[in-house]
Amino acid sequence: MTTAETGRAGERAATDYLRQRGYQIRHLNWRDGRYELDIVAEKDYILHFVEVKTRRAGGLTTPEEALTPRKAAALRRAAQAYLSRYALTYECQFDLAAVDAYDDGSLEVRFTENALELNW
């Protein structure tokens with residue numbers, strides 16, 4: 001699998017994981033200009049901005065390590081653009097779906113709620 005295919009598979013696995021746990025998926029791969037959000041979901045009147053990081057299992061870095069301060073700042077800007085565009089006033093949080101991709105094609109999703117502080 002190419003890196004892009006691995007990433008897409010990770011996003012599908014994360015989406016399935018969220019749906020199975022009662023999240024309503026509002027947008028997948030939302031884009032507006034330079035802003036991008038992997039998954040925007042809703043559950044219990046909370047809007048979840050879910051960043052998906054997929055890495056090959058046993059690689060040099062874990063998916064969690066790929067969520068850098070620079071990426072976190074970009075996510076905050078994208079979330080502000082999203083809220084502005086749709087005039088939403090929901091309670092929000094940033095979550096991380098860390099996905100390990102194994103050589104046999106299987107995927108493991110670890111979901112961390114409130115992975116980033118809002119710091120608007």
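Does Thr6 count as buried or exposed, and at what relative accessibility? Thr6 counts as buried because its relative accessibility is 5%, where buried denotes under 20% relative accessible area with a 1.4 Å probe and protein chains only. The model is predicted, with local features requiring pLDDT of at least 70 and side-chain atom pairs pLDDT 80 or more, while totals for chains, interfaces and linings use all residues. Residues are numbered from 1 along each chain as its sequence is written, and side-chain values use heavy atoms, without hydrogens and water.

View 1. Beyond its neighbours within four places in sequence, Thr6 is in contact (heavy atoms within 4.5 Å) with Met1, Thr54, Arg56 and Ala101.

**View 2. Lining of the largest pocket**. Its space is about 260 Å³. Among the 14 lining residues, Thr3, Thr6, Gly7, Thr54 and Arg55 are the closest to the centre. A pocket is an open set of points on a 1 Å grid where a 1.4 Å probe fits, with protein on both sides within 12 Å along at least five of seven lines; lining residues have an atom within 4 Å of a point. Helix α1 gives the most to this lining, with six residues.

**View 3. Strand β4 and its partners**. Ten of the eleven residues of β4 (91–101) are buried. Strands β3 and β4 pair (at least two DSSP bridges) in the parallel sense over eleven bridges, with Glu51 partnered by Leu96 of β4. Seven bridges join β4 to the antiparallel β5 (107–116), where Leu116 is the bridge partner of Phe94.

Methods
Points joined across faces, edges and corners; volume = space filled by probe spheres on them. Helix = DSSP H or I, 4+ residues; strand = E, 2+ residues; numbered from the N terminus. Buried < 20%, exposed > 50% of the residue type's maximum accessible area, 1.4 Å probe, protein only.
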